[in-house]
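Welcome! Here is a short tour of a structure, organised by topic. Keep the picture beside you as you read.

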Amino acid sequence: MSNPAAPKLNPPDDDVPAGARPKKRKPVQWSFVFILVLVAVSVALVWRRDGTQGVITIFMSDVWLFAEILPRVLAGCLLGGFIAAVLPHDRVSKSLGPHSGLKGLLIGAAFGAILPGGPFTAYPVASALLAVGADFGATIAMVVSWTLIGYGRAISWELPIMGTEFTLWRIVISLPMPILAGVLGRFVYVRVKERFEL
Amino acid sequence: MSALLVDIVLWGSVLGVGLLTFMRGKPVFQAAMKQGVGDFINIAPRVGIGVIGAGFIAAIIPPEFIISSLGPDTGWFGVLMATIAGAATPGGPVIGFSLGAVALKSGAGAPQVMAYVVAWALFAFQRMILWEIPFMPARFVWFRAAVSLPFPFLAAALSMLSGKP
């Protein structure tokens, strides 16, 4: 799921040492390196400010947090695996694929808006959609719609904290954005794909 | 309480879709299970680095930075600062929205707060490193983020034009 769009011919490379990964995995590694560098710098800064004790305190509380969310990660992965197995590939690629037009983007956006749960459901499901034939455009519409229009976060947090007027206007203003993001995504993707061998 | 509810919905969906998969036949179910567990083994360490990393990154972002970025600064520079603040805000929705509400009450412009909330929804670094990058293909994440860049500014512009909220 982590790289569903990779060509099927590639052997599963999970057990291949990092240095020997095929070229296609390069972008994955770069974002990983980027995060590691960011984290290393942050750890160093915390250490300089709060000493070893400060580093240990943060580390321990984060390890606990990790242990808490681990079951949800598992649930998300299983959900993604099941959804990819259940969804009919031909119909998904027809209604959410590169040639699905505006309708595909609308379906993606509507789906993102009604999807229940948190990030541990949204991203595995999005990744499963990519794997069974949705294109970047429709998937971007879905993810952006989930973050901006999804009702869960708006009802439980934004409405009580920000107030009704702000929340409603924020949602009205955000309404066109998932579609715009999908259109932009498709438009740019087709033009960038060849040049950067994405 | 709400965490329990979330877990019930989550595992309920897993069971429901799992059952649907099982009805497609045992080999389909087994293959899907294998895929899911394989993904978990692959993704869990990355989520781990994301969680631990996000904690340290959050610790070095001075809270004053977020609050001062949402000051009564008007105009497009204020929108730019609000966008950066939205991406840099650590923690979950409570922190993000509370900072926005405080800013709104203490005189920050509505378009800037609008840009802040939209930027937080689109780019909050914690959600990106914890969830989006481990679960999605990296090129999708960068691509999605790149095409989303104009939206906090668009939100602020629409808010300025309409005079709302």
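**Chain A as a whole**

- Chain A has eight helices and zero strands.
- Of the 198 residues in chain A, 40% count as buried.
- Take the contacts in chain A with a separation of 6 or more: 75% of them are accounted for by residues 24 or more positions apart.

**How confident is the prediction for chain A?**

- The mean pLDDT of chain A is 84, and 83% of the residues of chain A reach 70 or more.
- Among the elements of chain A, α5(A) has the highest mean pLDDT, 96, while α8(A) has the lowest, 86.
- Take care with residues 1-26 of chain A, where pLDDT stays under 50. For this stretch the model has 30 contacts beyond four places in sequence.

**A closer look at α4(A)**

- Helix α4(A) is made of 13 residues, and the distance from its first C-alpha to its last is 18 Å, close to the 18 Å expected at 1.5 Å a residue.
- Twelve of the 13 residues of α4(A) are buried, so this helix is largely enclosed by the rest of the structure.
- Among the buried residues of α4(A) are A:F120, A:Y123, A:P124, A:V125, A:L129 and A:L130. The buried set also includes A:T121 and A:S127.
- After α4(A) comes A:G133, which has a positive phi, near 120°.

**Where chain A meets chain B**

- How many residues does each chain give to the contact? Chain A gives 75 residues and chain B gives 66 residues.
- On the side of chain A that touches chain B, the elements giving two or more residues are α1 (26-86), α4 (119-131), α5 (136-148), α6 (151-162), α7 (164-174) and α8 (177-196) of chain A.
- The largest share of that side comes from α1(A), with 32 residues.
- Sorted by class, the side of chain A that touches chain B has 52 nonpolar, 16 polar and seven charged residues.

**Chain B as a whole**

- Chain B has nine helices and zero strands. Read from the N terminus on, its elements run α-α-α-α-α-α-α-α-α.
- Chain B is more spread out than a compact globule, because its radius of gyration is 20 Å, well over the 15 Å that the globule rule gives for 165 residues.
- Taken along the principal axes, the box filled by the C-alpha atoms of chain B is roughly 60 × 35 × 35 Å.
- Of the 165 residues of chain B, 50% count as buried.
- In chain B, residues 24 or more positions apart account for 77% of the contacts with a separation of 6 or more.

**The two domains of chain B**

- Chain B is divided into domain 1 (1-60) and domain 2 (62-165).
- The centres of domain 1 of chain B and domain 2 of chain B, taken over C-alpha atoms, are separated by 28 Å.
- The contact between them takes nine residues from domain 1 of chain B and nine residues from domain 2 of chain B.
- The side of domain 1 of chain B that touches domain 2 of chain B has six nonpolar, two polar and one charged residues.

**Two residues of one helix in chain B**

- Find B:W76 in helix α4 (residues 75-88) of chain B. Helix α4 of chain B also holds B:A82.
- Is B:A82 buried or exposed? B:A82 is buried, because 32 other C-beta atoms lie within 10 Å and 20 or more are enough to count as buried.
- B:W76 is partly exposed, with 15 other C-beta atoms within 10 Å.
- Which residues does B:A82 touch, leaving out those up to four places away in sequence? They are B:S69, B:L70, B:Q112, B:V113, B:A115, B:Y116 and B:A119.
- B:A82 and B:V17 are 65 residues apart in sequence, and 40 Å lie between their C-alpha atoms.
- B:W76 and B:A101 are 25 residues apart along the chain, with 20 Å separating their C-alpha atoms.

Note on methods: Residues numbered from 1 in each chain as written. Chains lettered and ligands numbered in written order. Predicted model: local features only at pLDDT ≥ 70, side-chain atom pairs only at ≥ 80, totals over all residues. Contact = placed C-beta atoms within 7 Å. Helix = DSSP H or I, 4+ residues; strand = E, 2+ residues; numbered from the N terminus. Nonpolar A, V, L, I, M, F, W, Y, C, P; charged D, E, K, R; others polar. Rg over C-alpha atoms; globule rule 2.2 N^0.38 Å. Expected span 1.5 Å × (residues − 1). Domains from an automatic or database assignment. pLDDT = per-residue confidence, 0-100.
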